[in-house]
Amino acid sequence: MTLVLGIESTCDDTGCAVVRDGVEILSNVVSSQIDIHNAFGGVVPELASRHHIDIIIPVIQKALEDANVTLDDIGLFAVAKGPGLIGSLLIGLNAAKALAFATKKPFVGVNHVEAHLYAAMMPAIEKLVFPLLGVVISGGHTFLARIDAIGEYTIIGTTVDDAIGEAFDKAAKIMGLPYPGGPEIEKLAINGDSSRYDFKPSKIKGRPFDFSFSGLKTKVLYTVKGQSSQMKSPLIIEESDKKHVAAAFQEAAFSDIIAKASLALEKYPDINGIVFGGGVTNNDAIRDIVAKKFPETPVFWPARALTQDNAAMIAGLGYHHYSQEGDALDLEPMTRLALEDLDNTYNKK
């Protein structure tokens, strides 16, 4: 039995969790900074890193208390090493190093984006039949990947500009909605008529699996503020029309995800299911669309508490990544880190 303490600080959420043997979550504490960044309409990196410094020790203490364990009980420390904001990453990574050094226990750095996929696999780990199609839809990332095992991935398609969650936030900001924009778009879209506006996702010539959401975001801007307008231009639509814009935008964005996931399943007929990860998976509309589109395909979603950035997914994945030596204390944060950059020689305990 191995208890893993995980730390997450890639962006503006400070998380710590204790997970047993990669699957059993004993605690999962997340301190959100939404109230801090809401006034700016998005995350301010310097403010985020400063708040991590203030809150990370209390969050670690709370995770240990909730799990009813002490540092002596922890066998491994896992931390998100990237991708993310450099200042935020440094806080979490150095906290993990300090704990590992003080307790003479090993630590391992894991890929935050891979952890989003693992969040959905965690409760079904014994039921998974590889290969699987991984679909990450988050604020910072959008891509499709073939998963041949935990730690073995082949990127099929990715975004060439905005991530889907980023596009949601920007579309919401254009319409004067609060940050984070994704939940606000979803709430409006429930009562909207998507046929009122003709929004279509961009296509990239010769790259059928890649995504582009920048043009869709610009279409929203020109629709609600006029052709060649800017972010600060006044709205030219009625308040009551916002729900229709939200519905049309959401449908266009999700139809692109579904279409390219379907295309990937056609290209790889041996794939046995779909694993979704990332904050946008918290959206009920995408879950409903997927259920209707893939009724015969096993689909794995993260639990609601694991859709956003959290440390339980970091601790769980760290259990699978750990080797006898762990990582060295000179491990540096990686602001850019793709699945292809992973070391695929993991030794499961």
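## Basis of the model

Because the model is predicted, local features need pLDDT of at least 70 and side-chain atom pairs count only at pLDDT 80 or more, while totals for chains, interfaces and linings use all residues. Residues are numbered from 1 along each chain as its sequence is written, and side-chain values use heavy atoms, with hydrogens and water left out.

## Overall build

The chain has ten helices and ten strands, where helices (H or I, at least four residues) and strands (E, at least two) are DSSP runs numbered from the N terminus. Its radius of gyration, taken over C-alpha atoms, is 20 Å, close to the 20 Å that the globule rule (2.2 Å times the number of residues to the power 0.38) gives for 349 residues, so the chain is as compact as a globular protein of that length. Along its principal axes, the C-alpha trace spans about 60 × 45 × 30 Å.

Of the 349 residues, 53% count as buried, meaning under 20% relative accessible area, with exposed meaning over 50% and partly exposed in between (1.4 Å probe, protein chains only). Among contacts (heavy atoms within 4.5 Å) between residues at least 6 apart in sequence, 71% join residues at least 24 apart.

Not counting residues up to four places away in sequence, His141 touches Pro83, Val113, Val136 and Ala163. The C-alpha atoms of His141 and Gly165 are separated by 7.8 Å, although these residues are 24 residues apart along the chain.
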